[in-house]
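This report describes a structure made of protein chains. Look at the sequence and the model first, then read on.

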Amino acid sequence: MIQIDNLHKRFGKNQVLSGVELSIKSGGIYAILGPNGSGKTTLIKSILGMVIPNTGIINVLDTNIKNGWRYRKEIDYLPQIANFPNNIRVGELIRMIKDLRQKPSDEDRLISLFGLEPFLDKKLGTLSGGTKQKVNIVLTFMFNSPLMILDEPTTGLDPGSLIRLKKLIQEEKKKGKTLLITSHIMQFVEEVADEIVYLLEGKVYFKGSIEELKQKTDQVDVEHAIAAIAMQTTDA
Amino acid sequence: MLKILKYSFYDLMRSRWSYVYFLFYLALGFVLLFLNNDLSKAVITLMNVIIVLVPLIGTIFGVMYFYNSKEFTELLLAQPLRRSTIFLGQYFGVAGSLTLSLFLGLGVPFILYGLFRSDAIFNFTLLLVTGAFLTFIFTALAFNIALSNENRIKGFGYAVLLWLFLAVIYDGLFLLSLIVFEEYPLDTFSLAATMFNPIDLSRTLILLKLDISALLGYTGAVFKKFFGTDFGLLVSLVVLLFWTILPIWRLAIKSKRKDF
């Protein structure tokens with residue numbers, strides 16, 4: 001599904017990614033974890049072609065993405081809500097994205113699932129963080145693409161919506177899709193993720209199942225295991 | 001690209017500022033014609049306003065729109081769209097809606113005052129065409145500045161400086177150099193210097209077409225010999241076209257390499 005070789009990215013003097021090697025097979029949920037500033041979002045944006053790598057090769061669905069744009073038809077991306085346009089109405093935004101992608105979509109089911117009907121003709125800037133995130137989720141899940149990339153999908157959601165989101169994620173997984181998720185909520189990661197990719201200082205530090213992670217770090221729960229990785233490296 | 005253009009265009013057509021801009025030109029047109037009642041004279045006064053104002057509005061609108069739609073741009077970048085499509089679509093949306101405001105705002109009063117029955121129609125059309133060129137040129141320059149500057153305040157500052165330089169300072173330097181080097185033949189130099197500033201170029205072009213070059217003295221005669229002919233008109237329009245295409249081209253190239 002995704003094959004990344006020797007990916008380097010530098011922003012000015014700040015080396016964010018330094019030689020990421022990653023191969024993601026088709027199907028399953030991959031959690032991309034790492035401390036703040038470890039390059040998670042940069043990695044995701046590189047896959048989407050929003051960040052242009054300094055060196056390295058990224059293949060998505062067996063095609064090199066360099067200078068390409070058609071491959072994004074096969075990707076649904078949930079951005080962080082901090083970067084959401086404010087001066088447009090919810091209904092308009094949904095119609096527009098549909099118009100731009102020209103793919104079948106089932107937004108009505110998702111809108112009623114999250115109870116967004118009353119907000120359809122409100123501007124995004126006037127919505128609360130949680131409601132914005134629901135709109136964001138509708139925009140991402142309404143298409144049926146084989147690869148989904150979710151950047152902090154749980155931000156601002158209330159418990160009820162969080163349960164619905166988890167159900168949606170499981171449904172997508174059952175369809176045989178590949179999902180990349182970043183999150184700082186370890187409980188959420190533990191519940192949904194099949195495999196963990198741990199980024200540290202711009203490299204893939206660990207890749208494997210949750211069980212392997214626990215064994216490697218001698219810890220019983222994920223939160224401590226992740227924290228232990230960070231500790232080990234600061235000690236070293 | 002047409003889809004992005006359509007959305008940007010609608011977005012701007014709904015915004016208050018497009019109407020303010022349109023109403024301003026409408027009012028300007030009516031007031032000028034009311035006070036003057038002579039189409040040719042109104043065209044001259046109008047030129048002085050357009051030459052300075054159109055670039056300013058184009059610059060400020062361009063920078064503002066680019067920064068304001070940053071989040072929207074990021075959303076579009078994740079969609080299956082070519083990058084140049086996104087930026088050129090937005091650019092043509094902004095420049096197009098500004099040009100439309102200009103055309104409608106000035107066109108309506110002049111047509112009501114009998115433009116089609118007067119001989120000022122050619123001059124008026126030339127005025128609108130240069131106005132459109134200036135809008136496209138300065139919006140493109142503004143987009144370039146905004147694309148290269150992550151910091152909004154800096155980008156805004158550079159854009160206003162650019163306008164100030166081309167609209168005011170350039171002329172000052174130009175006149176100064178004419179005075180300093182007055183003992184040398186300056187015909188070719190002044191012609192070339194005019195070409196390097198789209199505002200000067202537009203002004204000279206219109207002034208000389210309006211047959212008031214006698215006011216310009218000796219240099220005016222040289223200019224008249226060049227700009228007054230059809231060849232001169234053609235060359236000036238081609239240079240204006242270059243001024244439009246170069247920043248658009250740079251925009252397309254630069255946007256490909258930018259990180260978001």
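A residue is called exposed when its relative accessible area is over 50%, buried when that value is under 20%, and partly exposed in between. The model described here is a predicted one.

Tyr184(B) has a relative accessible area of 54%. Because the cut-off for exposed is over 50%, Tyr184(B) counts as exposed. Tyr184(B) sits in the loop that runs between α7 (152-180) and α8 (187-195) of chain B. Tyr184(B) also belongs to a nonpolar patch on the surface. Other members of this patch include Tyr158(B), Leu161(B), Phe165(B), Val168(B), Ile169(B) and Phe181(B). Together the residues of the patch have about 1,100 Å² of accessible area.

## Where the two chains meet

The size of an interface is often given as the accessible area lost when the parts come together. Chain A and chain B bury about 2,300 Å² between them, and 57% of this is on carbon and sulfur atoms. In chain A, the residues that lose the most area to chain B are Met50(A), Trp69(A) and Leu100(A), which together account for 28% of what that side buries. The contact involves 25 residues from chain A and 22 residues from chain B.

Polar groups take part as well. Between chain A and chain B, 12 residue pairs are in polar contact. On the side of chain A that touches chain B, the elements giving two or more residues are β1 (2-11) and α2 (90-101). The most comes from α2(A), with eight residues.

How many salt bridges cross the interface of chain A and chain B? The rule finds three. Lys9(A) forms a salt bridge with Asp259(B), and their closest N and O atoms are 2.6 Å apart.

## Salt bridges

Side chains of opposite charge can pair when their charged atoms come close. Over all chains, the count comes to 20 salt bridges. The table lists some of them.

| Residue with N | Residue with O | N to O distance |
|---|---|---|
| Lys9(A) | Asp259(B) | 2.6 Å |
| Lys98(A) | Glu107(A) | 2.7 Å |
| Arg203(B) | Asp171(B) | 2.9 Å |
| Arg109(A) | Glu171(A) | 3.8 Å |

Glu171(A) is partly exposed, with a relative accessible area of 31%, and Arg109(A) is partly exposed at 38%.

In chain B, the side chains of Arg203(B) and Asp171(B) meet in a salt bridge. This pair links distant parts of the chain, since Arg203(B) is in helix α9 (residues 198-209) and Asp171(B) is in helix α7, 32 residues apart. Elsewhere, salt bridges that share partners join Lys70(B), Glu74(B), Glu150(B) and Lys258(B) into one network.

## Positive phi angles in chain A

Leu61(A) is not a glycine, yet it has a positive phi of about 50°. Leu61(A) lies in the loop between β4 (55-60) and β5 (63-64) of chain A and is partly exposed, at 35% relative accessibility. Glu152(A), also not a glycine, has a positive phi of about 50°. Glu152(A) is placed in the loop between β7 (147-151) and α5 of chain A. With a relative accessible area of 16%, Glu152(A) is buried.

Is Thr194(B) buried or exposed? Thr194(B) has a relative accessibility of 2% and therefore counts as buried. Thr194(B) is part of helix α8 of chain B. A polar atom of the Thr194(B) side chain lies 2.6 Å from the backbone oxygen of Ser190(B). Leaving aside neighbours within four places in sequence, the residues in contact with Thr194(B) include Phe174(B), Asp200(B), Leu201(B) and Phe227(B).

Ser40(B) is in helix α3 (residues 39-68) of chain B and is partly exposed, at 31% relative accessibility. The C-alpha atoms of Ser40(B) and Ala120(B) are separated by 5.6 Å, while the two residues are 80 residues apart along the chain.

Conventions. Residues numbered from 1 in each chain as written. Chains lettered and ligands numbered in written order. Predicted model: local features only at pLDDT ≥ 70, side-chain atom pairs only at ≥ 80, totals over all residues. Heavy atoms only, no water. Patch = residues over 30% accessible without salt bridge, like charges linked within 9 Å, V, L, I, M, F, W, Y side chains within 5 Å. Areas by Shrake-Rupley, 256 points an atom, 1.4 Å probe, with all protein chains shown as cover. Salt bridge = Lys/Arg side-chain N within 4 Å of Asp/Glu carboxyl O. Helix = DSSP H or I, 4+ residues; strand = E, 2+ residues; numbered from the N terminus. Buried < 20%, exposed > 50% of the residue type's maximum accessible area, 1.4 Å probe, protein only. Contact = heavy atoms within 4.5 Å. Buried area = accessible area lost by both parts, 1.4 Å probe. Polar contact = N/O pair within 3.5 Å; in protein donor to acceptor, adjacent residues only side chain to side chain.
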